Structure formats: C-alpha cells, structure tokens
Amino acid sequence: MLRAFVLLAALAAPLAHAAPSLGEETLPPGVSMALAQLAPQRPGVIDLYALVVAGDGTEDVFKREADAVRQVLDERLGARGRSLALVNHRSAARPQATLKSIELALNAMAKLMDRDEDILFVHLTSHGGQNHVLALNHPAGELYGVSPKYLRALLDRAAVKHRVLVISGCYSGGFIRELATDETLILTAANAVRQSYGCGNDSQITEYSRALYLKALQQTRSLREAAGIAVQLIHENERAGKVEHSYPQIRSGGAIENRLRQFEVQFKGP
C-alpha cells in the first residue's frame with residue numbers, strides 16, 4: 001500500500017527528471033544508536049513516546065524547533081529516555097527525516113511500547129503546501145514530502161492505539177480529515193486554507209510551537225488545556241500584529257481524551 005502511493009507519483013513525474021526519494025533503507029548511525037538507547041515501556045504506567053521530525057533542512061528554524069520541542073516533552077510530559085528526533089539540516093551529509101526513516105522510527109518505537117496502554121506523540125515541523133504535503137528537504141537530493149494519507153498509513157502500520165499528532169506548518173489543517181480517529185488528538189498550526197507564521201533562519205521557533213510548547217505547556221501539563229491556551233495566544237498575537245489569522249485547529253476523540261486524563265494524573269503540580 002505505501003509503495004503504491006510512491007509508484008503512482010513516480011509514474012506521473014516527467015521522464016527527464018529523477019523521481020524524488022523515499023530515503024535510504026537504513027537509518028543514519030546516530031539515529032540507530034539513539035533508537036537502541038530508548039527506554040522500554042513500564043507495565044502499569046502510561047508512557048509517552050515522542051518522535052519529533054524537522055523536515056526542511058534548508059532553514060535553521062526547524063532544527064531549533066525540534067530541539068526545543070523535545071526538551072519540553074522530556075521535562076514537562078515525562079518523555080525523557082523515550083523521545084527521538086529526525087532532523088534534516090544542510091550541515092549533515094545525508095538527511096535524517098525521510099519517509100523511510102519516519103517509517104523505521106515509528107515501527108521501532110512501537111515495538112518498545114505497550115500499544116494499547118502508552119501514547120505515541122508525533123511532532124512534525126516544516127513548510128506546508130496548499131496540496132497539504134509537508135516538505136522534506138535536504139541538499140543531498142530530492143525527497144518525497146509527507147502527505148496526510150501516507151502518514152496515516154505509517155501510523156496504522158505501527159499499530160499504536162493512542163496518538164497525539166502536532167503538525168506545525170502552513171495549511172496543516174488539511175491533515176485532520178485523514179488522520180482523525182477516536183484515539184487521536186490532532187493539533188495543527190493553521191486550518192486547511194491558511195498559512196502559519198514563524199519560519200526563516202532568523203526565527204528561533206515557529207509561532208504556533210512557541211505558543212504551545214514554550215508558553216502553554218509551561219502553565220499546564222495537560223495537553224488538552226495547553227492546546228486551547230495556544231489557540232487563544234495565537235489569535236491574540238495575530239490580532240495585535242494585524243495579520244491574517246492562521247486559525248490553529250484542535251481535533252480530539254473521546255478515547256484519546258480519556259487516555260490523556262489518565263496520563264495527566266501521573267504528574268503532580270502545574
């Protein structure tokens with residue numbers, strides 16, 4: 001099924017140009033080592049396993065965002081020892097974030113988890129297109145981007161029941177329809193037809209992720225509450241800046257709401 005999507009895209013491409021790549025069949029050594037060091041799940045404890053993906057290696061902001069997001073997840077949501085980053089950056093000889101590496105990382109993390117008990121957290125940050133594909137870019141070669149349908153197929157193959165997905169990119173609301181399940185919380189930086197803000201080499205982190213991770217999750221360890229706070233912060237900032245509203249989206253199912261409530265009681269204090 002996954003290969004079929006890529007084959008169709010390749011057949012539609014002009015013969016004069018090489019098709020984009022899925023990525024190499026093996027992970028870079030540093031990523032493989034980090035995966036091998038991830039902690040196993042703890043029976044009777046709802047563990048959060050986090051995969052943070054920075055897709056566009058041509059701008060520094062996405063690498064900086066991945067570092068910041070992972071730090072917050074480790075410190076505020078107990079992901080330390082169970083978080084992994086795939087970061088594309090022009091300083092590296094080869095890309096870390098490809099469709100293949102995302103698949104390999106998700107499958108490896110799923111094997112460590114209790115797929116019915118634990119929570120899989122995926123944060124994707126990059127440039128998003130009006131076709132609702134999130135860019136994966138690296139100077140070493142052209143890569144396929146992440147589409148909602150492809151990401152859903154990867155997640156279903158990994159077979160982790162409880163999912164939290166954060167998509168930080170323009171037009172990211174276009175991911176919601178394909179990824180929505182009763183067991184999934186989806187947070188997006190914009191709706192399906194609006195741009196989000198904060199890209200560029202001079203930016204430390206995208207505006208939505210600043211609101212969610214650096215502000216909202218410093219006030220609460222509840223992802224549900226933090227999502228609402230972030231939307232309000234973005235709306236206020238955009239109104240003050242007199243820019244077109246991005247309209248971040250929240251889509252949540254009953255099953256993930258219940259699981260997150262159980263997860264959140266494991267923490268003491270704000």
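**Exercise 1. Is Ser 168 buried or exposed?**

*Solution.* The structure is a predicted model, in which local features need pLDDT of at least 70 and side-chain atom pairs count only at pLDDT 80 or more, while totals for chains, interfaces and linings use all residues. Residues are numbered from 1 along each chain as its sequence is written, and side-chain values use heavy atoms, with hydrogens and water left out.

Step 1. Ser 168 has its place in strand E6; strands (E, at least two residues) and helices (H or I, at least four) are DSSP runs, numbered from the N terminus.

Step 2. Ser 168 has a relative accessible area of 2%, so the residue is buried. Buried means under 20% relative accessible area, exposed over 50%, and partly exposed in between (1.4 Å probe, protein chains only).

Step 3. Residues up to four places away in sequence not counted, Ser 168 touches Glu 65, His 123, Leu 124, Thr 125, Ser 126, Ala 189, Thr 206 and Ser 209. Contact means heavy atoms within 4.5 Å.

**Exercise 2. Describe the surroundings of Val 166.**

*Solution.* Step 1. Val 166 is placed in strand E6, residues 162-168.

Step 2. With a relative accessible area of 1%, Val 166 is buried.

Step 3. Beyond its neighbours within four places in sequence, Val 166 is in contact with residues including Phe 121, Val 122, Leu 187, Tyr 208 and Tyr 213.

Step 4. The C-alpha atoms of Val 166 and Thr 188 are 5.8 Å apart in space, although 22 residues separate the two in sequence.

**Exercise 3. Determine how helices H3 and H7 pack.**

*Solution.* Step 1. H3 (residues 60-76) and H7 (residues 207-219) have axes 10 Å apart and an angle of about 20°. Axes are lines fitted to C-alpha atoms, for helices over the stretch in contact, and angles run from 0 to 180 degrees between N-to-C directions.

Step 2. H3 and H7 are therefore roughly parallel: angles under 35 degrees count as roughly parallel, over 145 as roughly antiparallel, 65 to 115 as roughly perpendicular and the rest as oblique.

Step 3. From H3, Glu 65, Val 69, Val 72, Leu 73 and Arg 76 meet Ser 209, Tyr 213, Leu 214, Leu 217, Gln 218 and Gln 219 of H7. The contact of H3 with H7 comprises six nonpolar, three polar and two charged residues. Ala, Val, Leu, Ile, Met, Phe, Trp, Tyr, Cys and Pro count as nonpolar, Asp, Glu, Lys and Arg as charged, and the others, Gly among them, as polar.

**Exercise 4. Determine how H7 and H8 pack.**

*Solution.* Step 1. H7 and H8 (residues 223-241) pack at about 130°, with axes 8 Å apart.

Step 2. The two helices, H7 and H8, are therefore oblique to each other.

Step 3. The contact includes Tyr 208, Ala 211 and Leu 212 of H7, and Leu 223, Ala 226 and Leu 233 of H8. By class, the contact of H7 with H8 holds twelve nonpolar, one polar and two charged residues.

**Exercise 5. Examine the phi angles of Ala 159 and Tyr 171.**

*Solution.* Step 1. Most residues other than glycine have a negative phi.

Step 2. Ala 159, in the loop between helix H5 (148-158) and E6, has a positive phi near 65°. Its relative accessibility of 39% makes Ala 159 partly exposed.

Step 3. Tyr 171, in the loop between E6 and helix H6 (176-179), has a positive phi near 60°. At 10% relative accessibility, Tyr 171 counts as buried.
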